[in-house]
Amino acid sequence: MKILTTLEKLKKFGKKLTNEAKIGKNPNIDIPVRSLANVVFDKKAGMVKMGNAVGKRYLFNVAHIRKFVQTLEVATTAKELLRVNKHLNLREVYYRVKRTLPGTDINIVDEQTETNKAIEDLELITGVPREQLHINADKEGVAAGKVVILDKGDTINWSKLGSGGWSVPSNVENIKFKDVDAKFIIYLEKMATWERLHEDRIWEKLNCIIIASRGQSTRGIRRLLQRLSTEHNLPIYVLVDGDPWGIYIYSVLKYGSISLAHMAETLVIPKAKYLGLSADDIEKYGLKKNIIKFKDVDIKRLKQMQEYDWFKDDKAWQRQFKKWKDIGGKVELAALTSRGISFISDTYIPEKIKKKDWLE
Amino acid sequence: MAIKTAEQMAGEQREISVAEFFEKNRHLLGFDNPMKALLITVKEMVDNSLDACQEAGIMPEIKVKLKIINEDRIKISVEDNGPGIMKEQMPRIFGKLLYGSKFYKMQQSRGQQGIGVSAALLYSQLTTGKATLVRSRTAANKPVHEMTIRIDTMKNEPIILNNITYDKTFNDHGTYIEMEIEGKYRKGDRSVDEYMKETAISNPFAKFTYYVDSEKIIYPRLIDKLPIEAKSIKPHPYGVELGIFERMAKNTKAKSVLSFITNDFCRVGSGTAKAVLKMAKVSPNNKPNHLDHQEIEKILKGLQKSKIMNPPTNCLSPIGEQVLEKAVQKDLKTEFQAAITRPPSVYRGMPFLIEVCIGYGGELNPKGTAQIMRFANRVPLLYQASSCAVTKAVQSIAWGQYHVEHQGNNPTGPLVIAVHMASVWIPYTSESKEALEPYPEISKEIRLAIQDCARKLKSYLAGKKRRQLDAKRKGLFEKYLPTVADALADLSEENNAMILKSLEVIVKKEKIEGEDIDDAGEAEEIREETNE
């Protein structure tokens with residue numbers, strides 16, 4: 001029944017535009033504005049939420065038509081997927097939509113970011129999350145720990161999957177947690193660090209779950225982390241490099257992002273804690289020699305974050321930003337290897353957690 | 001060396017004739033280099049022809065021929081269908097400097113001081129040693145008179161070398177002049193070619209045939225009506241200088257001072273006159289030629305301080321907005337032109353009016369600085385552009401406001417700005433009559449006129465841009481339509497052809513609702529580093 005409902009929503013969307021065309025009106029779509037100007041930080045809920053500003057997108061408007069058509073194309077692709085009951089990932093949708101308008105040299109899309117945006121628009125227009133439109137993100141995650149789950153009828157034990165761990169699918173909505181034996185979760189931005197911790201069997205030693213993605217976490221991973229955290233009341237330690245981008249990964253996990261503000265409720269993890277390298281750790285762990293000088297973009301990003309509503313009044317974070325600025329460079333987690341092969345697992349993580357040496 | 005006595009010195013001092021003065025100071029009249037000398041010579045001859053035709057109510061047909069003899073020798077001939085010249089007048093007009101009918105007249109005319117054509121003749125004589133040939137006839141039933149004339153520079157008197165009457169084929173009436181000068185023919189901004197082109201624009205009622213050796217350009221007549229005759233007016237006290245006022249007092253026919261200042265000047269009523277005379281302590285019944293210098297000065301000052309009505313302005317003959325636009329369009333092949341004739345105004349007691357025509361696009365040069373054409377009483381001004389009131393006014397305008405490209409203060413692009421000043425007295429910056437003096441009243445009028453045309457140009461350019469954009473926009477929409485129709489048909493499960501037809505109808509509409517909304521509704525989205 002659910003599939004039919006989504007199909008109906010897409011049909012309704014098409015009907016509205018067709019009717020406008022029939023009566024000679026310029027077909028248009030209302031789309032909530034997804035920009036910094038139209039997000040508000042809900043202090044109480046601790047998350048970035050969408051404001052009320054709505055933009056109109058017209059078919060017959062030179063500045064709009066390209067995006068308008070991209071949205072239509074993504075919608076027909078979703079409809080097709082629903083009809084045949086198959087899934088495509090973002091990259092595949094891009095190729096499905098990408099073509100040249102007949103008899104012209106105009107491409108419907110040039111880059112994947114365009115279809116990605118169009119898909120987000122379609123989510124807002126129909127109120128249906130991407131996953132239910134049968135569009136998935138690329139699979140980019142791995143987990144290990146004393147957790148037993150049920151996935152499409154298979155029972156999987158995350159502690160018995162050898163050196164590879166459990167590969168997180170793009171849609172975790174239908175996964176059931178059967179048994180979770182952990183005190184906390186460590187989230188990593190790099191697969192290499194995950195492999196380090198997995199080899200050291202840190203999840204066994206500290207009784208935790210380790211999950212990693214690549215760079216900015218995908219929606220599937222965020223959803224997985226949120227479910228584990230809320231359904232099993234687990235704190236999440238975000239272990240990232242000491243640089244603006246690492247801090248931003250933490251920020252998105254904890255407070256949400258601007259482009260996904262409309263889905264904040266299902267993605268935000270209020271229990272996230274920053275366990276990455278802090279500006280104070282450089283001295284504490286003798287990493288001075290391993291500082292990599294900031295580029296202009298790094299400094300710009302740092303300044304932007306300093307102004308975010310959720311960091312603005314936080315003294316501890318403001319102190320960090322200032323200190324990073326003074327240091328003028330970043331430090332990678334991998335640099336801890338200079339102190340010993342398993343220094344991160346044996347000393348850094350346990351010590352920090354024990355001393356509550358994290359930022360929130 | 002013996003010391004001279006006053007008597008001996010007095011014996012050596014003698015009156016220098018105007019002709020002799022000119023011989024030594026020819027640059028004062030503009031004959032300073034061979035290219036300019038050629039231009040001035042042609043200009044004086046053509047101006048005379050046009051004035052004569054206009055005065056006689058004849059539609060002018062003028063032939064100008066340049067024959068290049070060698071690098072710095074040119075034979076010039078100008079032939080018109082004017083009223084012709086009486087036999088007795090011929091030597092005086094051509095062979096005597098400062099002879100003419102215009103000198104004391106306050107009237108809008110091309111030449112103003114009568115020094116023109118005889119100066120050219122003298123220049124020819126000085127540089128080539130040759131005499132000037134003049135041929136003229138006043139009516140079909142009259143003979144053709146032909147003479148060759150020189151000037152006796154000491155006496156400023158004509159010398160007639162050859163004087164014949166013959167009945168060779170010649171116009172029923174008209175004049176033909178031929179002279180040889182030291183001159184150089186060049187093309188470009190300040191050439192005879194340019195002068196002819198511009199003269200055709202400011203005199204669209206005339207037909208010009210212009211030859212350079214065997215090459216021929218015809219400027220056809222664009223309108224079949226002569227301009228309204230410009231009436232002459234009496235001087236206005238505000239614009240009279242003391243010397244002239246004094247001379248007028250000596251030469252007037254008036255019997256009393258009161259009648260002199262009320263009759264020989266315009267707009268001076270007897271009330272004003274009496275008050276001024278009272279202040280100057282001069283009896284109204286005094287004979288004007290008995291006034292002493294101090295009295296004259298007091299009267300003039302008194303007049304200039306009194307409130308006197310502005311001079312009448314019906315003495316001005318504008319080219320006219322429509323005529324100017326037509327001339328610019330036909331002669332320059334512009335795609336757009338806008339002209340304005342400003343209402344008459346007054347500077348220093350002299351009535352004047354300004355006309356401007358701005359032409360755009362078409363065959364105008366799209367690159368470089370815009371062309372400025374300056375006209376004074378229909379005569380093109382080609383030299384001393386930078387010190388001219390017109391150039392200054394053009395440069396004082398913020399062209400960006402009118403969507404006209406510019407470099408610094410100078411407008412650029414396919415643009416021509418033609419400015420005409422008509423006045424009973426044109427205030428030139430020098431005797432060679434090449435630039436207008438930027439009196440505040442004149443500069444203001446020029447500015448207002450240019451701005452008026454520039455506003456029209458702006459709306460034309462905006463319309464043009466909009467039309468281009470519209471076409472582009474519609475073209476873009478049409479390219480997308482089949483794809484849009486496919487997608488909509490798929491989503492709504494309705495008929496594809498019907499949807500396409502509806503969309504095509506909307507595109508064809510003049511204005512599409514919501515079309516002009518810019519991208520503001522879609523604020524720039526912040527790009528986030530994301531793997532999604």
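Modeller: Let us take helix 11 of chain B, which covers residues 321-332. The model is a predicted one. This helix has twelve residues, and from its first C-alpha to its last it reaches 16 Å, close to the 16 Å expected at 1.5 Å a residue.

Which residues of helix 11 of chain B are buried? They are B:Val323, B:Leu324, B:Glu325, B:Ala327, B:Val328 and B:Leu332. A residue counts as buried here if 20 or more other C-beta atoms lie within 10 Å of its own. The buried residues of helix 11 have several packing partners within chain B: helix 6 (192-202), together with strand 9 (336-341), strand 11 (350-360) and strand 16 (415-423). Just after the helix comes B:Lys333, whose phi is positive, at about 55°.

In chain B, 39 residues are in contact with 52 residues of chain A. Helix 13 of chain B gives the most, with 13 residues. Sorted by class, this side of chain B has 17 nonpolar, seven polar and 15 charged residues.

Finally, a word on the partner chain. Chain A contains 14 helices and 17 strands, and 42% of its 360 residues are buried. Among contacts in chain A between residues at least 6 apart in sequence, 70% join residues at least 24 apart.

Notes:
Residues numbered from 1 in each chain as written. Chains lettered and ligands numbered in written order. Predicted model: local features only at pLDDT ≥ 70, side-chain atom pairs only at ≥ 80, totals over all residues. Helix = DSSP H or I, 4+ residues; strand = E, 2+ residues; numbered from the N terminus. Expected span 1.5 Å × (residues − 1). Buried ≥ 20, exposed ≤ 12 C-beta atoms within 10 Å, placed from the backbone. Contact = placed C-beta atoms within 7 Å. Nonpolar A, V, L, I, M, F, W, Y, C, P; charged D, E, K, R; others polar.
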